Amino acid sequence: MKRHKNGLLLLTFFLLSVVFLSMVFQLEEFRQKKTVKIVFIPKVQDKTNDFWMSMISGAKSAGKEYQADLTILAPEEENDYQQQKRFIEEAVKMKPDAIALAPIQYSEMTDSVRKIKNAGIKLILIDSKIDEDLEETYIGTNNRNAGLQMGKNMKTYVNEETKIAIVSHVKGSSTAMEREEGLREGLGEYEDRIEAVLYSNSDYKQAYEKTKELMQEHPDINLIAGLNLYSTVGVARAIKEMNLNKEVHIVGFDNDIEGIQYLEEGIIDTLIVQKPFNMGYLGIQTAVESVRGKKMEKNIYCDTEVITADNIYTDENQKLLFPF
């Protein structure tokens, strides 16, 4: 009788285990098939800016491939962090599974971003960081290393009379701070040649006008670094209009059709080119996989390439510069 009871207990335990495992597998299968709801909040949606449009295109491509329910909310200006904070609050109310965010400010937005974490929503940071470790994963350029790459390249244009200006983008953004820090390290012993640091607020016109003012006040400046696309193109417009391209070297960040034309003309000497399509794609892919339970790396870096007139026409660089 006792042996019979033990047999029944073992059989019951076995059947319960089978049912439990079946439920676990079904739950996991449901989670894997469930449509993941994602809100992507880039810094700007500006059709004149190939960098951000390429990143958004990459995000849409991944959203389609992974069958995610993707919503994009973006300010009209890259320096409008107050609008981006409002979009964060709107996104949290939508109760998505994940929010992919390219924060405009490093420290001014932390309270808003913390609301994402407090709501139990997965947070993926793309392109830029904030001053608190809240994200599942950061995806983007290693901006300090890219700045270092830029500074080392700038040294090739330095001579005894060189004076340098930096035209950055949004003051207080992690990308601006990290690129300038790396650039200064890359310049090494020539860091003391930096005469001015200006901010374009990620606006072509401001970059253009501030460069013209700079050259009128400091006509001996002969090497300028542009730390994002708006700054680089704005600087190039001013230097071309003032007919100073033979006197002033420009090393810039990012690329679009206009910037590439300036490179071909010799107005711009070097471009440090990022891979925004990859960032957008990986951002959404990572969000989906994180929601589905996959353990993700803390930092996923996308390489940058140094593009000059000497290598612009290689097959690999043509694919990078013209991804569409």
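This report describes the fold, the sheet and its helices, the nonpolar cores and a few individual residues of a predicted model.

**Overall make-up**

The protein contains 11 helices and 12 strands, and buried residues account for 49% of its 324 residues. When contacts between residues at least 6 apart in sequence are considered, 74% of them join residues at least 24 apart.

Six strands form an open sheet with mixed pairing, in the order S7-S6-S8-S9-S10-S12. Its edges are strand S7 (194-199) and strand S12 (305-308), each of which pairs on one side only. Neighbouring strands of this sheet are turned against each other by 15 degrees on average, with direction ignored. Within the sheet, strand S9 (residues 249-253) and strand S10 (residues 270-273) run parallel and are joined by three bridges; Phe253 has Ile272 in S10 as its bridge partner.

| Helix | Strands touched | Angle between directions |
|---|---|---|
| H5 (residues 143-154) | S6 (164-168), S8 (223-226), S9, S10 and S12 | about 165 degrees with S9 |
| H7 (residues 204-217) | S6, S7 and S8 | about 155 degrees with S7 |

Helix H5 also holds Asn143, a residue that is buried, with a relative accessible area of 1%. Not counting residues up to four places away in sequence, Asn143 touches Asp127, Tyr138, Thr175, Glu178, Arg179 and Gln274.

**Nonpolar cores**

In soluble globular proteins, nonpolar side chains tend to be buried together. The largest nonpolar core of this model has 54 residues, of which Ile38, Phe40, Met215, Ile224 and Ile239 touch the most other members. If neighbours within four places in sequence are left aside, Met215 is in contact with Ile221, Ile224, Ile239, Met242, Leu244 and Val248. Another core, of 20 residues, lies apart from the largest one and includes Ile88, Val92, Met109 and Leu123.

**Helix H9**

Which residues of helix H9 are buried? In this helix, which spans residues 257-265, they are Gly259, Ile260, Tyr262 and Leu263. These residues lie on the same side of H9 because they cover an arc of only 155 degrees around the axis. The elements against which the buried residues of H9 pack are helix H8 (229-241), S10, S12 and helix H11 (315-321), and two of these, S10 and S12, are also strands of the six-stranded sheet described above.

Both ends of H9 can be described in some detail. At its start, a side-chain oxygen of Asp256 comes to within 3.3 Å of the backbone nitrogen of Glu258, while the residue that follows the helix is Gly266, with a positive phi near 90 degrees.

Ser57 is placed in helix H2 (residues 50-65). Is Ser57 buried or partly exposed? Its relative accessibility is 25%, and therefore Ser57 counts as partly exposed, since buried would mean under 20% and exposed over 50%. Although Ser57 and Gly280 are 223 residues apart in sequence, their C-alpha atoms are 7.2 Å apart in space.

Key:
Residues are numbered from 1 along each chain as its sequence is written. This is a predicted model: local features need pLDDT of at least 70, side-chain atom pairs count only at pLDDT 80 or more; totals for chains, interfaces and linings use all residues. Side-chain values use heavy atoms; hydrogens and water are left out. Two strands pair if DSSP finds at least two bridges between them. Helices (H or I, at least four residues) and strands (E, at least two) are DSSP runs, numbered from the N terminus. Axes are lines fitted to C-alpha atoms, for helices over the stretch in contact, and angles run from 0 to 180 degrees between N-to-C directions. Contact means heavy atoms within 4.5 Å. A nonpolar core is a set of buried Ala, Val, Leu, Ile, Met, Phe, Trp, Tyr and Cys residues joined through side-chain atoms within 4.5 Å. Buried means under 20% relative accessible area, exposed over 50%, partly exposed in between (1.4 Å probe, protein chains only). The arc is that of the directions from the helix axis to the C-beta atoms. A polar contact is a pair of N or O atoms within 3.5 Å; within protein, one must be able to donate a hydrogen and the other to accept it, and residues adjacent in sequence count only if both atoms are side-chain atoms.
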